[in-house]
Amino acid sequence: MTTTYRISIDDRSGATLRGRVHIVNPDAERVPPGRDFALRLIVEVWHRVREDYLFTSSGENLPDDRVHRDPTELRAVTEGSELREEFERLWALDHGAEVRLSDEQVAEIEACREIRDHGQRESARHALKARYGVESLSVSFDGTPHLRTTRDGHAFHDRAGGIVTDYTLGEMRNWPPPWDFGDDVDPDDFDEDEYSDRLDRMALEDYPYTEFRITVKDDRYLDHLGGGIHLATTLFGEFGR
């Protein structure tokens, strides 16, 4: 996983979450200001807790992922949540939903590819796509064979507007970032090894960061969250607000 941000949750009070987002990748020029990013953060932690996706840091001075409670206990919170189906719908909107397949269904899809007549093959493919509600018949064999529906970023953004009532970012700290050498540096003088060593020595607090505040309409959306969570993530934002 190529990490874009480091997210630290400092505290939760009722329906409000406070924390920090550190930029740890030069490809990320800012912390996304849209509410879709705020909701994506909430759903990402829910999914990572539920699936036990916590990672060990590859950087010497950067912390490992961690949660604020016993992971087994926290997974029980996600499974027993009154909003579990809502979180599953949100994840499916943002990532696509799995359509699990039997061996017979996989064989049918593979047989479709062997149809020699172009018109018949395309007609059969169209019928299968309509049956499963997908745009691609690419079968994934990661775990149970499945197809994946197409994500809908606009629908996710619309849901974010109805769930996140406030998302505020503070002033960017430690700016400019360590990878910004300014206009005075001659590219011929750039030492890639020296630059890499410099990043390896940096601690989390040395990277650019901003504080955030997120408030949701129903505090149950934050039942799995609390001060002390830290995650390396590839989260992204698609919209400006």
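Trainee: Where do I start with contacts: what share of those between residues at least 6 apart in sequence join residues at least 24 apart?

Mentor: Contact here means heavy atoms within 4.5 Å. In this protein, 78% of the contacts between residues at least 6 apart in sequence join residues at least 24 apart. Keep in mind that this is a predicted model, where local features need pLDDT of at least 70 and side-chain atom pairs count only at pLDDT 80 or more, while totals for chains, interfaces and linings use all residues. Residues are numbered from 1 along each chain as its sequence is written, and side-chain values use heavy atoms, with hydrogens and water left out.

Trainee: How many helices and strands does the protein have?

Mentor: Both are DSSP runs numbered from the N terminus, helices being H or I with at least four residues and strands E with at least two. The protein has 7 helices and 7 strands, and from the N terminus their order is β-β-α-α-α-β-α-α-β-α-β-α-β-β. The C-alpha trace spans about 60 × 55 × 35 Å along its principal axes.

Trainee: And what part of the protein counts as buried?

Mentor: Buried means under 20% relative accessible area, exposed over 50%, and partly exposed in between (1.4 Å probe, protein chains only). By that rule, 39% of the 241 residues are buried. Glu 110, found in helix α4 (residues 103–113), counts as partly exposed because its relative accessible area is 37%.

Trainee: Which residues touch the most other members of the largest nonpolar core?

Mentor: In soluble globular proteins, nonpolar side chains tend to be buried together. A nonpolar core is a set of buried Ala, Val, Leu, Ile, Met, Phe, Trp, Tyr and Cys residues joined through side-chain atoms within 4.5 Å. The largest one here has 44 residues, and Leu 39, Tyr 167, Ile 214 and Leu 225 touch the most other members. Two or more residues each come from β1 (5–13), β2 (16–23), α1 (35–51), α3 (84–95), α6 (153–163), β5 (164–169) and β6 (209–216). α1 gives the largest share, 9 residues. Another core, of 11 residues, lies apart from this one and includes Val 99, Val 106, Cys 112 and Leu 147.

Trainee: What does Leu 225 touch?

Mentor: Leaving out residues up to four places away in sequence, Leu 225 touches Ile 9, Arg 12, Leu 17, Ile 42, Val 45 and His 68.

Trainee: Which residues of α6 are buried?

Mentor: Gly 153, Phe 156, Ala 160 and Ile 163. They sit on the same side of α6, because they cover an arc of only 80 degrees around the axis, taken from the directions from the helix axis to the C-beta atoms. Among the elements covering them are α1, α3, β5 and β6. The face turned away from that buried side carries the exposed residues His 154 and Asp 158.

Trainee: Last one: which residues lie nearest the centre of the largest pocket?

Mentor: On a 1 Å grid over the protein atoms alone, a pocket is an open set of points with protein on both sides within 12 Å along at least five of seven lines, and lining residues have an atom within 4 Å of a point. Of the 19 residues lining the largest pocket, His 47, Glu 51, Trp 91, Glu 98 and Arg 148 lie nearest its centre. At least two lining residues come from each of α1, α3, β3 (98–100) and β4 (146–148).

Terms used. On a 1 Å grid over the protein atoms alone, a cavity is a set of points where a 1.4 Å probe fits but cannot get out, and a pocket is an open set with protein on both sides within 12 Å along at least five of seven lines; lining residues have an atom within 4 Å of a point.
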